[in-house]
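Please keep the sequence and the model in view while reading.

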Amino acid sequence: MPFLISQAIDHGLKPHRLDVLLFWATILLLVGVASAGLGIMRHRSMTKLRLAAAVRTADLVIAHATRLGAALPRRLTAGEVVTVGISDVWTVGRTMNAGGVGIASLLACGVVAVLLYGTSPLLASVVLLGVPLLALLVGPLLGRTQRAVAHYRERQGELNTRLVDVLGGLRVLNGLGGKESHFAGYVRESERLRDQGYRVARPSSWVGALGEGAPVIFLAVVIWLAAREAAAGDLTAGQLIAVYGYTAMLVIPVNVLIFCGIDVTRGVVAARRVTDLLRAPADDPAGVPGPSGMAPLTDPVSGVVAEPGLLTALVADRPADAAAVIDRLGRYEPSAALWGGARLDGIDRDEIRSRILVTDPDAGLFAGTLREVVAGRFDADDARVRRAISTAVADDVADDLGRPVDWAGRNLSGGQRQRVRLARAVYADPEMLLAVEPTSAVDVHTESAIAERLTRERAGRGTVLATTSPVLLSHADTVHFLVGGRVAASGTHHELLATSPGYRDVVSRAFGEDE
């Protein structure tokens, strides 16, 4: 457009030729309209590219997180996964725009240099030297910014991990009175992250200042040289205006290049975090077939043996030890656990998941109707759904199988959520059901009904419960008492009460002497 303006001035306005002036003015109008249209298309394309890149990256992250499955918490913290999924993928998407506008800016600088060379080789030389000079000024600041962003991003992941942990245990913290203490710790970590943010902002602010100020200084130098050449008669009035236009327009691509550097700096940090997650190795699902029929599960670490067709209970002096046994027997932790004499980690994982089901107090509930939630991945059969609900004594939830259940069961009470989880596990009817504290949120009368119905419903199939509930323990065929993670005694609930003081103390501490 500056070239068209110079032609209109030198060939139309200066010699007072209206027809020539109108011709160049018409060309200028058409180019302006075309530029406006291209600007709209550019913005739409950049937005589409940015969103598409972010969404595709998010799809890759979610797909790999799904493949990792139970291995995910062992590979990455929850806060890191949240930060990658919410922040990093969008930073990567934004950085993708740097490719298009960055190349366009370099082309613009080259075109302006060529046009200026036709007008004044001196001015073209200044342009060609000025852009690399700006890069030399900004380069070290971008390096500092990248290092600061990397530290900031690391702290951000740690802080989000703390936030996820606090939110996940908020009810427990309220009950124990530890909410204020964790809140104070979160505030301290937030302040450290804020201070790190200031360290990121220092070099970024200098880059921003150079991005706004250096091109203007560059513009002033070129205009001063052009004005001297015009005063000496080496440039016409139209050429002087064209030089001003070229250089003024050059401010935009130079500014864009500088801010592309900032985007790329942040994008590299985000991309490294994303690729770290994508490189996290997933457990190999392939393996040999499992036992042809029902077979016992054995955990060599603890000495626990869960026989098929029986209700086995685990009681531990440290509840986490019983839960760890459940994870190993369900192949959710690396171990030498056996299934019918063959190592679990060598058996096809899909077969394990179809025949051995692990459910825990924090198992997720997806949004949907109650019928869909209980049926899970299986086809919903209303009669089976109602029977599973009855087994879990969740009849108060089941007036209408079409009742909507919110994500994570937010419209249900804690006891209702726990019973719906149990109903879902019963509906799946696995060969071996492993559960951790399946009745911890219900009253003793409901617990007694669950124990009776679960024993009847699961007759002929194996069930392993990690629990300290006397009601459930009294229905167990075998109870293993773990001390320090190893089986110290085995027998029925009443036999252990009579022969194992340690077992009696653990059960008494959990539910009281009277019970």
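## Briefing on the chain

The accessible surface of the chain, in what is a predicted model, comes to about 26,400 Å², and 62% of that surface belongs to carbon and sulfur atoms. Of the 515 residues, 42% count as buried.

**Overall form**

- The chain is made up in part of 17 helices and 12 strands, and its radius of gyration of 35 Å is well over the 24 Å that the globule rule gives for 515 residues, so the chain is more spread out than a compact globule.
- Taken along the principal axes, the box filled by the C-alpha atoms is roughly 115 × 45 × 45 Å.
- Among contacts between residues at least 6 apart in sequence, 74% join residues at least 24 apart.

**Nonpolar cores**

- The largest nonpolar core has 42 residues, of which Leu370, Val374, Ile389, Val479 and Tyr503 touch the most other members.
- Elements that each supply at least two residues of this core include β3 (311–316), α12 (382–391), α14 (444–457), β11 (478–483) and α17 (501–511), while the largest share, 5 residues, comes from α13.
- Leaving aside its neighbours within four places in sequence, Val479 is in contact with residues including Ala313, Val315, Leu473, His493, Leu496 and Tyr503.
- Another core, of 24 residues, lies apart from the largest one, and among its members are Val112, Leu116, Leu123 and Phe218.

How values were computed:
Residues are numbered from 1 along each chain as its sequence is written. This is a predicted model: local features need pLDDT of at least 70, side-chain atom pairs count only at pLDDT 80 or more; totals for chains, interfaces and linings use all residues. Side-chain values use heavy atoms; hydrogens and water are left out. Helices (H or I, at least four residues) and strands (E, at least two) are DSSP runs, numbered from the N terminus. The radius of gyration is taken over C-alpha atoms; the globule rule is 2.2 Å times the number of residues to the power 0.38. Buried means under 20% relative accessible area, exposed over 50%, partly exposed in between (1.4 Å probe, protein chains only). Contact means heavy atoms within 4.5 Å. Accessible areas come from the Shrake-Rupley method with a 1.4 Å probe; for residues, only the protein chains shown count as cover. A nonpolar core is a set of buried Ala, Val, Leu, Ile, Met, Phe, Trp, Tyr and Cys residues joined through side-chain atoms within 4.5 Å.
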